[in-house]
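Work through these exercises with the structure open beside you. Each task is followed by a solution in steps.

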Amino acid sequence: MSRSPSIPDRPHRDIDSELPDDERLEALRGHYEELVDVNDKLAAQLDDAEERRERLREKVDRVERENETLKSSSLYIATVEDVLDDEQVIVKQHGNNQEVLTDVSARIVDSVAPGDRVAVNDSFAIQTVLNTETDARAQSMEITEKPEVTYADIGGIDEQVREVREAVEQPLAEPELFDEVGIDPPSGVLLYGPPGTGKTMLAKAVANETDATFIKMAGSELVRKFIGEGSRLVRDLFEMAREREPAIIFIDEIDAIATRRTESKTSGDAEVQRTMMQLLSEMDGFEARGEIRIIAATNRFDMLDRAILRPGRFDRLIEVPEPGEEGREQILAIHTRGMNVADDIDFADLAADTNGYSGADIESLATEAGMFAIRNDRDQVTHQDFADALEKIEEDDSSDVVSSAGYFYQ
Ligand SMILES: Nc1ncnc2c1ncn2[C@@H]1O[C@H](COP(=O)(O)OP(=O)(O)OP(=O)(O)O)[C@@H](O)[C@H]1O
C-alpha cells in the first residue's frame, strides 16, 4: 500500500523590521517564492490524493459488486451429519448424497447441530442454517394459511364433496360428535381418479372451510428430489402440521411412495419403501380425533401398495371421476363466472360436446374461448368463440390437450 506523502512544512521566516527596505523586500520576495513552492507541492499532493481516492472508490465498488454476486449466487441444500471439533462439520449434500467435510465459521458454529438443514456454497462452506420456513420451502412443501378455494368453486362432484366434508371436515369442526357416538373418524382419506378432476381443489376447500393450514407435498418430490431424505421429510411434514394445527396434510401423487412392491430390490426401491414406512408409522401414531387430517391423492390407484389402505391408514377411499355431462355444465358455469360472456352461450350444448373433458380441460377451454374473443377485438366471449376453441382443442388433441383421455387409474 502506498504511503501518504508528508505535508511540506509551512515556511516560516522572521524578517527583521530593522532591515533596510530593499533587503526586507528581497526577504519578503524569497518568502513569497517559498510559499508558492509549498502551495504547488500541496496542490500536487491533493491531485495525487484525489486520484488515489478515485482508485479506492472503484475498488470498493468492485468488491461490493462481487459481494452481491456471492450473496445472490445459488446455494445448495445439505444436511449436517456430524459436528466435529475445530469448527468442522460433515454435511451430506441433497440430490447426490455426497458427504463432505467442511468448515463452519465461528459466527454460526454454535447454532449448527447434526440433522440441521443448511445452505452451502460452491465450496461447501455453510452460509446459513435454514429455519423451518425456509426449510419447508426448500423441501417444496406448499403451505397456505387459508387457501382461497371454496366448495362453490368445485362443480360436478357433489357426492365427493359431501363425502370429503363428512370424513375430513366434520372431525375437525365437530369432534364431539365422534366422541359422543364413540367412534374414530377415518384416519386418512384417499382421493383417486384421473388428473384435473378437482382432487387438490377438494383438499384446499376443506382447509378453507375449517380455517386449517393447508400443507401440500408431492410424493414424487419426496423420492426424486431428496434421495436418502424421504423418511426425514415425512417426519418434517407431520412436525410442520403439528406446529400449525388445525392442519390438512395433502400428499399428492402418493403412488410415488406407495407403489406395490416389485420383484427388483434396488436401493432406490428400498429407499421408497423406507419413506412409505415412515408415513405409515406417522399415521399409526396419530391422534385420530386430533386437529390434523390427512388426505392423499393418486391417478394410479392400480399401482398402490394395499398396505396403505388398511384400517387406521387411508381407510376412506373416494373416487373422483371425470365429470358427466351435467357436471361439465356446472364446471363451465363456474369457470365463466368471472368472464364477460354473451347471452347466446348455451352451456348445455357445450357440455354435450365436451365428452371426456376434465375440470382442468374445461378451464383451458374457457381460456381458449376468451383468446378467440381477444383475437377478434371483442371484449365479450360468444358461443362461437367456445365452438372455435373446441375445434382448436380437438385439432391439437394429438398433442395431449385432453389430458385425461385414455388415462387409467383403476
Ligand atoms: N370439479 C371441478 N370444478 C371446477 N374446476 C375444476 C374441477 N376439477 C378441476 N378443475 C380445474 O382444474 C384445475 C386443476 O384441478 P386439481 O388440481 O384440483 O386437479 P387434480 O384432480 O388434483 O389433478 P392432478 O391429479 O393432476 O393433481 C383447478 O384449478 C380447476 O381450475
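A polar contact is a pair of N or O atoms within 3.5 Å. Keep that cut-off at hand for the first exercise. The model is predicted.

**Exercise 1. Find which atoms of T197, D252 and N299 lie by an oxygen atom of the ligand, and give each distance.**

Step 1. Start with T197. Here the backbone supplies the N or O atom, and an oxygen atom of the ligand is 3.1 Å away.

Step 2. Go on to N299. A polar atom of the N299 side chain lies 2.9 Å from a ligand oxygen.

Step 3. Finish with D252. An N or O atom in the D252 side chain is 3.5 Å from an oxygen atom of the ligand.

Step 4. Now turn to the surface of the ligand. Alone, the ligand exposes 630 Å², and the protein buries 80% of that area.

**Exercise 2. Describe the shell around the ligand: its residues, their classes and the helices that supply them.**

Step 1. Sort the shell by class. Five residues are nonpolar, eight are polar and four are charged.

Step 2. Look for helices. α5 (199–210), α9 (325–335) and α11 (359–375) each give the shell at least two residues.

**Exercise 3. Work out how α3 and α5 are placed, then α9 and α11.**

Step 1. Two packed helices are described by the angle between their axes and the distance between the axes.

Step 2. Take α3, residues 158–173, with α5. Their axes are 10 Å apart, at an angle of about 40°. The two helices are therefore oblique to each other. Their crossing is right-handed.

Step 3. Take α9 with α11. The axes come within 9 Å and cross at roughly 45°. That makes α9 oblique to α11. Here α9 passes α11 in a right-handed crossing.

**Exercise 4. Locate D211, E253 and P246, and state the backbone feature of each.**

Step 1. Recall the background. Most residues other than glycine have a negative phi, and most peptide bonds are trans.

Step 2. Check D211. This residue is not a glycine, yet its phi is positive, about 55°. D211 sits in the loop between α5 and β8 (213–218).

Step 3. Check E253. Its phi is positive too, about 50°, although E253 is not a glycine. E253 belongs to the loop between β9 and α8 (267–284).

Step 4. Check P246. The peptide bond that joins E245 and P246 is cis, with omega about -10°. P246 lies in the loop between α7 (230–243) and β9 (247–252).

Terms used. Residues numbered from 1 in each chain as written. Predicted model: local features only at pLDDT ≥ 70, side-chain atom pairs only at ≥ 80, totals over all residues. Heavy atoms only, no water. Polar contact = N/O pair within 3.5 Å; in protein donor to acceptor, adjacent residues only side chain to side chain. Areas by Shrake-Rupley, 256 points an atom, 1.4 Å probe, with all protein chains shown as cover. Helix = DSSP H or I, 4+ residues; strand = E, 2+ residues; numbered from the N terminus. Nonpolar A, V, L, I, M, F, W, Y, C, P; charged D, E, K, R; others polar. Axes fitted to C-alpha atoms, helices over the stretch in contact; angles between N-to-C directions. Parallel < 35°, antiparallel > 145°, perpendicular 65-115°, else oblique. Left-handed = near helix turned anticlockwise from the far one by under 90°.
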